[in-house]
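Colleague: I'm new to reading models like this one, and I'd like a close look at a single part. Could you start there and then show me what surrounds it?

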Amino acid sequence: MSHAVARLRSARLARSAKPFLARGGPKGERCAACRLVPSHCMCAWRPKVPTRSGMCLLMADIEPLKPSNTGWLIADVVADTFAFGWARTDVDPALLALLSDPQWQPYVVFPAAFADAERLVHLVQHDSVKRPLFILLDGTWDEARKMFRKSPYLDRFPVLSLHPDQLSRYTLRRSQSEAHFCIAEVGAMCLDLAGEQQASQTLDAYLDVYTTRYVLAKQQRPVDVCDAAHTRLQALGLNSRT
Ligand SMILES: [Zn+2]
């Protein structure tokens, strides 16, 4: 398997002078495809759902290396996911080419409070020619703000600001300590705004399965495939096949 975030992770690992130590199972091993310890591997649960939207992840330096990064889940679900490492002084020409590709209408997804009013939009235009490309700034909050301020090649695009009600719904559902899980939630909200409800709900349910397994693995407790998260994802999968 190889998607954009997996490739970015490999490239980042290859550049590392010292190994990045993520805690794993007894021998520190993790499934290369889903990043969970083998006993909690969820590769069999990876959904297949057609999407028209694309995702462009700009990732802070070590973000692709974190087993808790959920941009990985977006890449699992959305076929047209692109991922680039962000650096202030260095821009990947492939990113600039993507942003100039006429098949896409890029949107920078960021809170309204930080954007000029004339760039702000709250809805995704339905366009029969251009497909929406959601640019997600994936890192800590400080890193994301820096990316937003210091990426002049993004300045010409509208800023899609998610409605605070939607955001608070997600904040309420998860604890602050799990705030790092939120980039896939943001991706799911973007798909919803693009009118892709099946993909949106599938990504959200897939994130729930991942979160559940991640926490159970940490607690060294077994997976229950009949729990609410797995049942919901399975139901969505069955619906998409009918
Ligand atoms: Zn796996």
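What does Cys 43 count as, going by its relative accessibility?

Modeller: Cys 43 counts as partly exposed, because its relative accessibility is 27%. (Buried means under 20% relative accessible area, exposed over 50% and partly exposed in between, using a 1.4 Å probe and protein chains only.) Before we go on, keep in mind that this is a predicted model, where local features need pLDDT of at least 70 and side-chain atom pairs count only at 80 or more, while totals for chains, interfaces and linings use all residues. Residues are numbered from 1 along each chain as its sequence is written, and side-chain values use heavy atoms, with hydrogens and water left out.

So what is Cys 43 doing there? Its SG atom is one of the protein donors of the zinc ion, along with the SG atoms of Cys 31, Cys 34 and Cys 41. These donors lie 2.3 to 2.4 Å from the zinc. (A donor is an N, O or S atom within 2.8 Å of the metal, or 3.2 Å for Na, K and Ca; water isn't among the atoms, so sites may look incomplete.) The four donor atoms subtend angles of 99 to 117° around the zinc ion, which makes the arrangement tetrahedral, a label that needs all angles between 85 and 135 degrees. Along the chain, the donors follow the spacing C-x2-C-x6-C-x1-C. Cys 31 and Cys 43 both sit in the loop between helix 1 (4–15) and strand 1 (54–59), so this pair ties together parts that are 12 residues apart in sequence.

Now follow the chain into strand 1. Six of its six residues are buried, so strand 1 is largely enclosed by the rest of the structure. Gly 54, Cys 56 and Leu 58 point one way from strand 1, while Met 55, Leu 57 and Met 59 point the other way.

(Two strands pair if DSSP finds at least two bridges between them.)

Zoom out and you'll find an open sheet of six strands in the order 2-1-5-3-6-4, with parallel pairing. Strand 2 and strand 4 (120–121) are the edge strands, each pairing on one side only. Further in, strand 3 (104–109) is largely enclosed by the rest of the structure, because five of its six residues are buried. Strand 3 pairs with strand 5 in the parallel sense over six bridges, including Gln 105 with Pro 132 and Tyr 107 with Phe 134. Strand 3 also pairs with strand 6 (159–160), again in the parallel sense, over two bridges; here Val 108 has Val 159 as its bridge partner.

What packs against these strands? Have a look at helix 4 (141–149), where Ala 144, Met 147 and Phe 148 are buried. They cover an arc of only 100° around the axis, which puts them on the same side of helix 4. (The arc is that of the directions from the helix axis to the C-beta atoms.) An α-helix has 3.6 residues a turn, so residues three or four places apart point the same way. The buried residues of helix 4 pack against strand 1, strand 3, strand 5 and strand 6. On the face turned away from that buried side, you'll find the exposed residues Asp 142 and Arg 149.

Finally, the whole protein. There are eight helices and six strands, and along the sequence they follow the pattern α-β-α-β-α-β-β-β-α-β-α-α-α-α. Of the 242 residues, 47% are buried. Take the contacts (heavy atoms within 4.5 Å) between residues at least 6 apart in sequence: 80% of them join residues at least 24 apart.

Terms used. Four donors count as tetrahedral if all angles lie between 85 and 135 degrees; four count as square planar and six as octahedral if opposite donors are over 155 degrees apart and all others between 65 and 115; anything else is irregular. Helices (H or I, at least four residues) and strands (E, at least two) are DSSP runs, numbered from the N terminus.
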